[in-house]
Amino acid sequence: MHPSPSVHPPPLALIVCDVFEQELALAAAGAEHIVARETLEMGLHDHPGRLRETLQQIISGWERRTDISAIALVYGLCGCGTTDLRSA
């Protein structure tokens, strides 16, 4: 039996609601494939339009980076502020 080649996860960027920060810190400790991370204040869910605009600005800014393969949103429903986000 041949040893399987080392599988490396793709470079990942995270946008995180502050409410999940502690859990994420534990789950992602030592995760070298996380190359960018932005934590936003929990209160943004009270302003879905502002949350959506802020998220979209971050996503659009990261689209130009060549070291990111995927962007993950670490959010709950948050006032539906994650609806209609786009990536190229």
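Author: Helices (H or I, at least four residues) and strands (E, at least two) are DSSP runs, numbered from the N terminus. The model is predicted: local features need pLDDT of at least 70, side-chain atom pairs count only at pLDDT 80 or more, and totals for chains, interfaces and linings use all residues. Residues are numbered from 1 along each chain as its sequence is written, and side-chain values use heavy atoms, with hydrogens and water left out.

Reader: In which strand is the place of Ile34?

Author: Beyond four places in sequence, Ile34 touches Leu12, Leu14 and Ala28 (contact means heavy atoms within 4.5 Å). The strand that holds Ile34 is E2.

Reader: What is the order of the strands in the open sheet?

Author: Two strands pair if DSSP finds at least two bridges between them. E1 and E3 run parallel, joined by 5 bridges. E2 and E3 are the edge strands with a single partner each, so one side of each lacks a neighbour in the sheet. The 3 strands, with parallel pairing, have the order E2-E1-E3.

Reader: Which residue in E3 is the bridge partner of Leu12?

Author: E1 and E3 are joined by 5 bridges. In E3, Leu12 has as its bridge partner Ala70.

Reader: How far apart are the end C-alpha atoms of helix H2?

Author: The expected span is 1.5 Å times one less than the number of residues. H2 covers residues 48-62, which is 15 residues, so it should span 21 Å. The model agrees, with its end C-alpha atoms apart by 21 Å.

Reader: Within what arc do the buried residues of H2 fall?

Author: Buried means under 20% relative accessible area, with exposed over 50% and partly exposed in between (1.4 Å probe, protein chains only). In H2, Leu51, Leu55, Ile58, Ile59 and Trp62 are buried. The arc is taken from the directions from the helix axis to the C-beta atoms. Down the axis of H2 these residues line one face, because they fall within an arc of 100°.
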